[in-house]
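Welcome! Open the model in your viewer, and let's walk through it one selection at a time.

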Amino acid sequence: MTDLDPDEFRRLGHAVVDWVAAYRAGLPDRPVRPAVTPGQVRAGLPDLLPEHPQPLHTLLDAVDRVIAPATLAWQHPGFYGYFPANAALASLLGDLLSGGLGSQGMLWSTSPAGTEVEQALLDGLAGALGLDPGFTFAGGGGGTIADSASSAALVVLLAALHRSSHGKWRDEGVDGRERVYVTAETHSSLAKAARVAGLGSRALRVVDPGPGGVMAPDALSGLLRADVAAGLRPVLACPTVGTTGTGAVDPVRAIAGVAREHGAWVHVDAAWAGVAALCPEHRGLLDGVELVDSFCTDAHKWLLTAFDASLLWVRDAAALPAALSITPEYLRDTASESGAVVDYRDWQVSLGRRFRALKLWTVLHTHGLEGLRAHIRGHVALAAELAERVAAEPGFALAAPPSLALVCLRVDTGVPDADDRATRALLDAVNASGKAFLSHTVVDGRYTIRVAIGGVTTGPADVDALWDLLRVTATALHTRTAGPPAP
């Protein structure tokens with residue numbers, strides 16, 4: 001077998017790029033949510049393992065015929081269901097360059113360029129977000145690009161376990177006295193990290209909420225004092241900047257002050273909202289982050305970069321390697337042993353890693369910081385306008401204050417149970433229309449629609465269309481439920 005020669009690759013590459021360009025151009029005319037049933041895709045692709053080579057056009061035909069129609073269109077301008085998974089075309093070009101280089105950056109020596117571009121990008125972005133210099137390599141900390149905020153949460157929990165045990169965790173593991181502090185709104189990745197780390201759900205301490213559902217510092221303080229008195233060990237507290245449900249922001253400064261009194265690692269999960277701090281007017285979101293041990297935000301949500309690219313910074317560059325480094329003989333080399341380089345294998349669970357920094361650099365190079373700020377500001381403005389419409393419209397209500405580009409709304413007729421049924425029916429009907437895709441949460445026990453604005457191509461006309469769809473659909477459902485007037 002021989003690989004494609006460069007000329008054939010060039011020809012086939014043009015065909016693939018043409019397909020992607022045509023798909024993206026035609027997205028507004030496709031339904032956001034596919035009409036697909038379980039097993040349909042498998043049935044439509046009976047021969048995924050051909051015995052003999054096949055021409056590329058038959059694969060593209062299958063993608064057109066089977067794959068695209070069965071794919072939830074995350075890049076559609078009518079996608080509002082979850083926090084965005086931006087995949088700007090510029091980032092796809094960066095991914096192609098990364099794949100073309102084909103490097104594996106487990107060590108500095110296996111990818112010097114990959115390592116140092118990542119270091120430079122994370123240092124630069126720390127400054128652009130307003131993080132203090134302690135999160136840069138020059139300041140004693142540093143950053144890395146993980147695959148997800150979930151992976152970032154896991155590795156910082158492992159570092160926190162190592163630190164809280166005074167170095168015993170690597171050899172002895174957990175002893176059942178460890179505790180991790182979250183709220184009911186903390187992302188489920190923290191619970192999963194605790195499970196993977198062997199702590200079990202008993203280690204999770206759910207802090208009672210304050211106003212707006214945020215973590216209450218006084219409640220956290222009470223839990224910490226009680227646990228320490230009981231001989232337990234506070235390991236990590238996780239405030240959130242931009243919760244998944246409503247976009248709420250925990251009081252990071254107060255939480256950090258309380259947690260640090262008891263030696264707990266403080267990790268800020270700002271997976272969605274953190275990138276908004278690129279805009280100076282949103283820098284207040286990061287108040288108190290200068291007091292924490294680690295901070296995470298995702299470039300693959302609202303920063304135009306195709307999944308996966310989660311940005312993690314730590315204040316102590318030695319913390320992750322101290323917990324995670326295992327060095328068999330085949331991974332030893334002069335550069336690593338000199339102490340002058342970073343081996344990113346020691347900042348993650350897996351050994352291998354790809355050149356994610358190249359697609360992020362491509363986005364920054366193509367759009368510039370000013371373009372990214374405009375992208376964020378445009379969506380925040382659209383959400384504010386939508387929230388004003390909801391608040392002013394009879395029969396609708398805001399379920400929570402708007403947060404950046406997230407609006408939470410529900411049907412409001414004054415009868416809670418009926419409102420919940422009507423809100424659920426409205427969500428189902430909008431999603432079934434194929435014109436938009438929404439998701440839900442529960443706020444104060446009430447079924448709530450989430451509108452997360454953030455698509456690469458989502459603009460004012462799209463949000464106008466969504467609002468019209470919500471109003472018209474709600475009216476039609478109400479008319480159908482109410483039935484004809486009494487004679």
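The expected span of a helix is 1.5 Å times one less than its number of residues; helices (H or I, at least four residues) and strands (E, at least two) are DSSP runs, numbered from the N terminus. This is a predicted model, in which local features need pLDDT of at least 70, side-chain atom pairs count only at pLDDT 80 or more, and totals for chains, interfaces and linings use all residues. Residues are numbered from 1 along each chain as its sequence is written, and side-chain values use heavy atoms, leaving out hydrogens and water.

**Stop one: α4.** Select residues 89–101, the 13 residues of helix α4. They should span 18 Å, and the end C-alpha atoms are 19 Å apart, which agrees. Now color Ala90, Ser91, Gly94 and Ser98, the buried residues of α4 (buried is under 20% relative accessible area, exposed over 50%, partly exposed in between, with a 1.4 Å probe and protein chains only). They cover an arc of only 95° around the axis, so they sit on the same side of α4; the arc is that of the directions from the helix axis to the C-beta atoms. Turn to the other side of α4 to find Leu93, Leu96, Gly99 and Gly100 exposed.

**Stop two: Leu303.** Next, select Leu303, in the loop between α11 (299–302) and β7 (310–314). Is Leu303 buried or exposed? At 3% relative accessibility, Leu303 counts as buried. Ala88 is 215 residues away in sequence, yet the C-alpha atoms of Leu303 and Ala88 are 8.8 Å apart.
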